[in-house]
Amino acid sequence: MREKIVAGNWKMNCDLAEMEELLAGLKNKAETIPSDVSLMVAPSFTNLYPAFQSTKETPITVVAQNMHQSENGAFTGEVSPSMLKSVGVETVILGHSERRAIFNETDELLAEKVNTALAHGMKVIFCFGEELKDRKEDKHFDVVKSQLQNGLFHIEDSAWSNIVLAYEPVWAIGTGETASPEQAQEMHAEIRKMLASAFSQDIADKVSILYGGSVKPANAKEIFAKEDVDGGLIGGASLKADDFLAIANSY
Ligand code: PEP
């Protein structure tokens, strides 16, 4: 049985007071979420510690949106894995399309970040996905394969228990346009085939693959119903407690 995960990527939203309000809304009704669904939230760096403190006795897990690939040093403005761990954060999102596109994070850099996170015993939610032009040119499987091969497929078999995949077609992120449940299923099934051929069927069967891209209460149920979709990475809709809970309750 694969872990089902609904994770909220709060991006650069919410000051401290706004985040406390959002968390209070989630904590109020967190017990309504099916017990086999892991609920995660990814606040900004400045909100990680208060979020961790405030969710200690709850089923909510706090994760980071990014981290630097080095242990420490002269990297002004960056945050290291040990810093994250010191405030209770054990999981990090890497490879989000905004990090790739706006902050020029390459597959090679992401491979380094993955290595650092794993070396620190952290879990990684590894994001990838094609752009609209790739899909129009029917290159979406190739693009995803290359992102996975270059950024992630160098890891040891034993490291896969610390990896969650998040397929996020760039054309569906923050656009209101969602991949159809069939498109999501088709890609997720293809990713499992890539895993089976590069690693093993056992690993392919065990890794959770989340879908991300304009998931909302109205479409979550049919996306989550697909057999190779193990949950979602949610942007905009995770900023409203009721919508985010409704999505988590769509299982
Ligand atoms: C995201 O940024 O990971 C995302 C899926 O955003 P949205 O749900 O707003 O499309």
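Gly235 is buried, with 22 other C-beta atoms within 10 Å. In this predicted model, Gly235 belongs to the loop between β8 and α11. Leaving aside residues up to four places away in sequence, Gly235 touches Asn9, Lys11, Ile173 and Gly174. Gly174, for its part, touches Gly235 and Gly236 when residues up to four places away in sequence are not counted. Gly174 is located in the loop between β6 and α8, and with 13 C-beta neighbours inside 10 Å it counts as partly exposed.

An unreviewed UniProt entry lists Asn9, Trp10, Lys11, Gly174, Ser214, Gly235 and Gly236 under "binding site". These positions span 228 residues in sequence, yet no two of their C-alpha atoms are more than 14.2 Å apart, so they gather at one spot.

## The surroundings of the ligand

There are 13 residues around the ligand, and those that come nearest are Gly174, Gly212, Ser214, Gly235 and Gly236. Gly174, Ser214, Gly235 and Gly236 are also among the positions that the UniProt entry lists as "binding site".

## The listed active site

Under "active site", the unreviewed UniProt entry lists His96 and Glu168. The two span 73 residues in sequence, yet no two of their C-alpha atoms are more than 8.3 Å apart, so they gather at one spot. His96 occupies the loop between β4 (91-94) and α4 (97-102). Glu168 is in the loop between β6 (163-167) and α8 (181-198), the loop that also holds Gly174.

His96 is buried, with 27 other C-beta atoms within 10 Å. Glu168 is likewise buried, with 27 other C-beta atoms within 10 Å. The contacts of Glu168, not counting residues up to four places away in sequence, are Ser97, Cys127, Gly129, Ile173, Gly212, Gly213 and Leu233. One of these contacts, Gly212, is also among the residues that come nearest to the ligand.

In strand β6, 5 of the 5 residues are buried, so the strand is largely enclosed by the rest of the structure. In a regular strand the side chains alternate between the two faces of the sheet. Both faces of β6 are covered: the buried residues are Ile163, Leu165 and Tyr167 on one side, with Val164 and Ala166 on the other.

Strand β6 has parallel pairings with β5 and with β7. With β5 (residues 123-128), the pairing runs over 5 bridges, and Phe128 has Tyr167 as its bridge partner in β6. With β7 (residues 209-212), the pairing is again parallel and runs over 3 bridges; here the bridge partner of Leu165 is Ile209.

## Ala7 in strand β1

Ala7 is part of strand β1 and is buried, with 25 other C-beta atoms within 10 Å. Apart from residues up to four places away in sequence, Ala7 touches Met40, Ala42, Val63, Ile125, Leu210, Leu233 and Ile234. Ala7 and Ile125 are 118 residues apart in sequence, and their C-alpha atoms are 9.7 Å apart in space. Leu233, another contact of Ala7, is touched by Glu168 as well.

## Helix α11

Which residues of helix α11 (residues 241-248) are buried? They include Phe244, Leu245, Ile247 and Ala248. Viewed down the axis of α11, the buried residues fall within an arc of 155 degrees, so they line one face of the helix. The elements covering these buried residues include β1, α1, β2 (37-42), α10 (217-224) and β8 (231-234).

## Two positive phi angles

Most residues other than glycine have a negative phi, and most peptide bonds are trans. Lys11 is not a glycine, yet its phi is positive at about 50 degrees. Lys11 lies in the loop between β1 (4-9) and α1 (16-29) and counts as partly exposed, with 17 C-beta neighbours inside 10 Å. Lys11 is also one of the positions in the "binding site" listing from UniProt and a contact of Gly235.

Asp138, which is not a glycine either, has a positive phi of about 60 degrees. Its place is the loop between α6 (132-136) and α7 (140-151). Asp138 has 8 C-beta neighbours inside 10 Å and counts as exposed.

Terms used: Residues are numbered from 1 along each chain as its sequence is written. This is a predicted model: local features need pLDDT of at least 70, side-chain atom pairs count only at pLDDT 80 or more; totals for chains, interfaces and linings use all residues. UniProt positions are given in the numbering used here, feature names are shortened, and annotations may be inferred rather than shown by experiment. Helices (H or I, at least four residues) and strands (E, at least two) are DSSP runs, numbered from the N terminus. A residue is buried if 20 or more other C-beta atoms lie within 10 Å of its own, exposed if 12 or fewer, and partly exposed in between; C-beta atoms are placed from the backbone. Two residues are in contact if their C-beta atoms, placed from the backbone, lie within 7 Å. Two strands pair if DSSP finds at least two bridges between them. A residue is near a molecule or strand if its C-beta atom, placed from the backbone, lies within 6 Å of it. The arc is that of the directions from the helix axis to the C-beta atoms.
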